[in-house]
Amino acid sequence: MVIKVAVAGPRGRMGREAIDTILKNPEFRLVSVLDSKKDLVYLGESISVFTSLKELIEQTEPDVLVDLTVPSSVFDHAMTALEYGVRPVIGTTGFTELQLDEISNKVKEKKVGCIIAPNFSIGAVLMMKFAQTAAKYLPNVEIIEMHHDQKVDAPSGTAMKTVQMIQAVRENVEQGHPEEEEIVEGARGANIEGLHIHSVRLPGLVAHQQVLLGGEGQLLTLRHDSFNRSSFMSGIVLSINEIMKRNTLIYGLEDIIL
Ligand code: NAP
C-alpha cells in the first residue's frame, strides 16, 4: 500500500529535505503541502499547496502529516490532524508539557497514532540512550547543546528529551556548590531539577549535543553531531512507516528502534 503523505513547512530547511526524501521513496506519495504563505512553493501539478490544514485534509486525504514548522503552529496542526484521523509525524520541537498531555489525550480519544521525535537521527537517539544508562552510575550531569542561530526554541527538544530520560533513572543529587551564585544571570544555564542545560546558537552549526557526566577524578563525555539535515531523513522514513501500524503516542524514536 502506498502511504499518502502531506508535509507542513515545505520551504523550510528540514521540509525541503523531507520532500526530496518522500518523492524518492516508492512507498510514499506526496499528496499536498501546508505552507504559511500560498504559492511560494511549486512541486508540480499533482501536489497542491494549502494554507489551511482542514482544507488540505478534506481535499487531499493524507494518511500521514509530517510537520517541520515552528513551535507556535505545531500544536494546532497536531490536534487538527488527529481530529480528522490523520497520523502526525512531528519533528518540530518546542512543545510544553501541557501540550504533550493534550496531544496524548487526543491520541487516546481518537485512537490515531502520533510520533513526536525531538531528534530523527539514530546517532542522537543512541546518545540519549547511552546518557540514560551512564547517569545511573554518574548522576552529576550537564548538557551542552549547540545549534544554528536560526533555531527559535531553547533548550532544544533533544536536550529536553535527554533530561527526561536521565531523570527517570538518576538519583536525586544536588549538583555544584550548595551556595553557588550567578554573577551574571544565566551563567549556569537552564536548571531542570538540578540538571543544567547550556544552549549555544552560532552560524555554521547544524545540531550537536554533548552530555557531560562527572565523577570523582573522571569525566565521561557523550557527543553527537548532525553535520547536515540528511542525518534526520532515515528517521522520518521509519516514522512514516511505523505510525501506520500504531495507534498510540510515541514520544522519541528510542521506543521504536531500541
Ligand atoms: P525553518 O527552516 O525555519 O523552516 C520552518 C518552515 O515552517 C518555514 O518555511 C516557515 O515558513 C514554515 N511555517 C511556519 N509556520 C507555518 C505554518 N503555520 N504552516 C506551514 N508552514 C509554516 O526550520 P527548520 O530548520 O526546517 O526546522 C523546522 C523544525 O524542525 C524546527 O522546530 C526545528 O527545531 C525542528 N528540527 C527537528 C529535527 C528532528 O530531528 N526532529 C531536526 C532539525 C530540526 P515562514 O518562514 O514563511 O514562516
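This is a predicted model: local features need pLDDT of at least 70, side-chain atom pairs count only at pLDDT 80 or more; totals for chains, interfaces and linings use all residues.

Student: OK, how is the chain divided?

Tutor: Into domain 1 (3–116 + 230–257) and domain 2 (122–227). Their centres, taken over C-alpha atoms, are 28 Å apart.

Student: How many residues of domain 1 are in contact with domain 2?

Tutor: 12 residues of domain 1, and they touch 13 residues of domain 2. The area buried between the two domains is about 1,000 Å², and carbon and sulfur atoms give 62% of that.

Student: Which residues in domain 1 lose the most area to domain 2?

Tutor: Arg13, Tyr251 and Glu254, which together make up 43% of what the domain 1 side buries.

Student: How many salt bridges does the rule find across that interface?

Tutor: The rule finds 1 salt bridge between domain 1 and domain 2. Glu254 also forms a salt bridge through its side chain with the side chain of Lys161, at 2.9 Å, N to O.

Student: Switching topic: which residues touch the most other members in the largest nonpolar core?

Tutor: Val5, Val7, Val33, Val66, Phe120, Ile236 and Ile240, out of 32 residues in that core. β1 (3–8), α1 (13–24), β2 (28–34), β4 (64–67) and α7 (233–243) each supply at least two of its residues. The largest share comes from α7, with 5 residues. Both domain 1 and domain 2 put in at least three residues each.

Student: Take Val66 then. What is it in contact with, leaving aside its neighbours within four places in sequence?

Tutor: Val5, Ala6, Val7, Ala8, Val89, Ile236 and Ile240. There is also a second, separate core of 16 residues, with Met127, Val141, Ala159 and Leu213 among them.

Student: Now Asp153. Where does it lie?

Tutor: Asp153 is in the loop between β7 (140–147) and α6 (157–167).

Student: And is Asp153 buried or exposed?

Tutor: Asp153 counts as buried because its relative accessible area is 12%, and the cut-off for buried is under 20%.

Student: So what does that side chain reach?

Tutor: The Asp153 side chain reaches the backbone nitrogen of Gly94 at 3.5 Å. Asp153 also makes a side-chain polar contact with Thr93, at 2.8 Å. Leaving aside neighbours within four places in sequence, the residues in contact with Asp153 are Pro71, Thr93, Gly94 and Arg201.

Notes
Residues are numbered from 1 along each chain as its sequence is written. Side-chain values use heavy atoms; hydrogens and water are left out. A nonpolar core is a set of buried Ala, Val, Leu, Ile, Met, Phe, Trp, Tyr and Cys residues joined through side-chain atoms within 4.5 Å. Buried means under 20% relative accessible area, exposed over 50%, partly exposed in between (1.4 Å probe, protein chains only). Helices (H or I, at least four residues) and strands (E, at least two) are DSSP runs, numbered from the N terminus. Domain bounds come from an automatic or database domain assignment. Contact means heavy atoms within 4.5 Å. Buried area is the accessible area (1.4 Å probe) that two parts lose on being put together, summed over both. A salt bridge is a side-chain nitrogen of Lys or Arg within 4 Å of a carboxyl oxygen of Asp or Glu. A polar contact is a pair of N or O atoms within 3.5 Å; within protein, one must be able to donate a hydrogen and the other to accept it, and residues adjacent in sequence count only if both atoms are side-chain atoms.
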